[in-house]
Each structure stands twice: as structure tokens, then as C-alpha cells.
Amino acid sequence: MAVRVRIAPSPTGLLHIGTARTALFNWLFARHEGGEFRLRIENTDTSREVAEAVDQIQDSLRWLGLDWDGPHTFQLDRMDDCRRVADELLAAGKAYEDEGAIRFRMPEEGVTAWDDIVRGRIEYPNEKLEDVVIVRSDGRPTYNFASPMEDVWDGITHVIRGDDHIPNTPKQLNIIRAVGAEIPAYAHVPMIFGMDGKKLSKRHGADAVEEFRDAGYLPETMLNFLALLGWAPDGETTLIGRDELIQRFSLERVSSSPSQFDYQKLDWMNGVYLRELSPEEYAHRLLLWLGENGYDWDAELVTRAAPLVQEKIAKLSEFPGFAGFLFGNVEPDSADLDGGAPMLAAADAALASLEPFEATAIETALRAAADRLGLKPRQAFQPIRVAVTGSKVSPGLFESIELLGRETTLSRLRAAAGGAA
RNA sequence: GCCCCCAUCGACUAGCGGUCCAGGUCGCGGCCCUUUCAAGGCCGUAGCACGGGUUCGAAUCCCGUUGGGGGCACCA
């Protein structure tokens, strides 16, 4: 039988990174097995629904490249089917009315158990199972009823979800059994914590896919990083792309212990992917990011500046900080210019009529000027850098000057010389 | 309180009884390269939570302790 899995987020906000990781595992499993990956919106609780959430969740999934099969479905659309089944359970004495709600009768003794693909056998004493409400007094089904019923109706073969659902599983198992349906396989994957060991949340930094996107991370980074949180193909692989991921993924190798989300390692990995991009692709991503984040910068200049910064940044969002001097005015800190006046004047003289105004020629001219003043490159170039870029940290000085152009360079040199004394 | 789950360097992990005085990656420290910052190269730092078993032999199996997490809603 073909494999069919699903991700079932509730539309209460942005797609949480933990949900995204669970979606990834579902997707990888489906693609590896040649099966289907479905998207189901669990909106049984209308009161908590957020209007934009359904679109945002889909955007995030698409951005990560996690394509789902068929149209997405809404849990609420099966309300009537749930009612019907509830009535049958009522008629069969497997459920009963309680203050207007309908409760499912859980077994009183024995144990409910299943063989979890990642945890192994899990057993629950039935005496601890409460009779859960399956239909609220207003007629709407509850999650613990609707979710397993939908799994049945959708022909879900493997339920892959966060391990916070383990306590729900015996309840759902008994409901599925009561309606005489086949029980899917379960795989409970561990949760993702922040570096303090607590559930990953806002206060750790970004915790939604959309936020990582805005922060300048690449989707291929997120895919790689997330896949390796709780899963590993072997002991060495750290960089792995989507195709190889699909090829090598297996639920059996999913870890049973939770992992912590290390932003530093994420940054490192994003830098790796950023540097791997061709200059054209890199510029393209930069332009895309700038556009999405409110920077209306000249595309051609961005494209020309891109290569200068490719080696230096770990996130696309760092680009404005490094290359901003090309797109706006600069305010050097006079303290950083201390003692630089002679070199600034020398640079001015060396560049005023230099031809051609290109990086290699600029370098030759500036080095010669430094030599004449008896300055080491380190001492000579720093004041120029500060004067021209407004910062002690910048892309390559000579390339930066070429891009900036003679006119702007000279005026910044002169302005700084005035303040340097 | 009750139920369930988890436990290898600071972090992500490999290890499924001997090849492990525990390997890879991030981070961290040092050195090299260098016009700054990165990147890169080299070297280094650091771990099997504890206590009992089982076994010729345990990071690997069993039990307990401790620690962490999750769940106990007419939320999902």
C-alpha cells in the first residue's frame, strides 16, 4: 500500500519552526517512499483562528519547498461526518451524553499500547484514560475525535507528529478501534528546544519560518539544518541537500531525544550556502531579500556590490550593514580617523586624476602613497576605509572605492580630512 | 499529585557488546594567511549523569536514582 502522511497545523499564527521540522520529516518520508504528503488545517477551535494564518502557513511551506499533494483540507469541513460517527458510537453504547456534550467510553482495564516507529513500544494503563469529550455541547467535534477520524478518512498510513502528542495517542487509538477502522503507524518525533532547554519560543529569537526568512536565511539552509535536528544519516554528514535528503531519509534513524536549536550553527551553515551560490544567483537572492524588506536600492549597483560582500556575511540581512555606504551618506567617527590626516591627503592626491579608476590601479597608487609616508598598509588603509565607508569593517577597500566612484570618494576623503586634523 | 517520554563534548550528532583510553560538525582557544572584517589552512579544548547488575568484555543490555521534558481542557 502506498504511504500517505500529513502535516496538520492549526491556523493560530505563523508556522512554528518545530512544526516546520515535523512537516519536513513527513515530507521527506513521503518523497522517499514515493507516497503522498497532505496538508490539513486543524481549525476545530474557531475562536483561536487567525485570518492570515492559513496563507502564511502555506507560504512558509512553499518557501521551504515542501510541496503537498492535493488541495489542503479543513478539519471543520468534516463536522457533519464527525457528528454522524458520534451518533453511531452513541447508538452502540460506546459513547454517552454528558451535559450536552458527547463522551467516548475508554476501556477501564488493561493497557493500550502501540509500537512507535521512533520510540519502540509504548504502553498506557487504561485506568488512567479519561472518557474524552468527542463532541462539544455546541455540536463541534474536538481535536481528539476529529483528528484520528480524518486520518482514517484520508487513508493516512503513518502519523508522524511531535512527541507532545504521545499522551493523546492511546485515546485516539481507542476511538479508531471503536469505529472499526485500521490503525495507522505512529512515529513521534522529538521536540526542539532553545539553548536554555526550554521549549523554543520568541524569546530565544526567531521561532517562525517567516522570521528566519526575514532574517536572511536561505531555504536550503533551513532544510539542511532542520533535517539534522533529530535525524542523522551517519556520523559525518553536516551539509546535505534536498535530493540526498530524500534519498537517505528514514524514520528509523530519527532520534528519540529532544534537541536544542543552535542559532550559531545555523549562521555558520547559512554562510556556507551563501558562499556556494554563483555570483548571479547570489545577487538574485540579495535583490529578492532587499525587495521584500523595504530596500529600494539600485539593482545594478547591488549586483555589482554583491560579490564584494559574498565572502563576508552569514545572512542576507547583513548586506545593508556592509554595503550601505554605496547607497547613502556616511558619517565617520572622528575618533577612528585619529592621526590619519596625512594619509587622507595623500590618498586624495593619488586618486584625484588616477586613470583608469579601477581597483588594481587604485591599489597600486594607494600603496605607493603609503610607502612615501613610510606607513604600513595596516596603518595607511584604515583611515581611508573609515573615511570612505564610514566603518572600520568593510568589503575590500580598493574594490569599494572603484564602485563608489571618484567623485564620491574624493569628497568623502576631503570631508574626513577636515575632521581628522 | 498522577501518567508518559528522554539522558554521549557548551550545542548538533556517530556509536546498535569487543575495531572507542569514543569519531565528525558548530562554538571556543592558539597559530598561519591578510588592507579591516570575514573566509580559508593547521593545531588544540571538551563528553559516555550516577549507582547497581548481566557478561570473558558495556557508551552500547536490565533495574534503580538523579536530572530534564511533555501530558492530564467542551485547546490543538
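Contact here means heavy atoms within 4.5 Å. This is a predicted model, in which local features need pLDDT of at least 70 and side-chain atom pairs count only at pLDDT 80 or more. Residues are numbered from 1 along each chain as its sequence is written, and side-chain values use heavy atoms, without hydrogens or water.

**View 1. Contacts of Leu 366.**

**View 2. The largest nonpolar core.** A nonpolar core is a set of buried (under 20% relative accessible area, 1.4 Å probe, protein chains only) Ala, Val, Leu, Ile, Met, Phe, Trp, Tyr and Cys residues joined through side-chain atoms within 4.5 Å. This core holds 103 residues; Phe 261, Leu 366 and Ile 384 touch the most other members. Helix H1 (residues 17-33) supplies the largest share, 9 residues. Domain 1 (278-317) and domain 2 (334-420) each give at least three.

**View 3. A second, separate core.** This core has 17 residues. Among them are Val 85, Ala 95, Ile 102 and Val 135.

**View 4. The largest cavity.** A cavity is a set of points on a 1 Å grid, over the protein atoms alone, where a 1.4 Å probe fits but cannot get out. The whole structure has 1 cavity of 30 Å³ or more. The volume of the largest cavity is about 30 Å³. Its lining (residues with an atom within 4 Å of a point) consists of Arg 38, Leu 39, Arg 40, Pro 71, Thr 73 and Asp 154. Strand S2 (residues 36-41) gives the most to this lining, with 3 residues.

How values were computed: Chains lettered and ligands numbered in written order. Buried < 20%, exposed > 50% of the residue type's maximum accessible area, 1.4 Å probe, protein only. Helix = DSSP H or I, 4+ residues; strand = E, 2+ residues; numbered from the N terminus. Domains from an automatic or database assignment. 1 Å grid on protein atoms, 1.4 Å probe; cavity = no way out; pocket = protein on both sides within 12 Å on 5 of 7 lines; lining within 4 Å. Points joined across faces, edges and corners; volume = space filled by probe spheres on them. Lists of a residue's contacts leave out its neighbours within four places in sequence.
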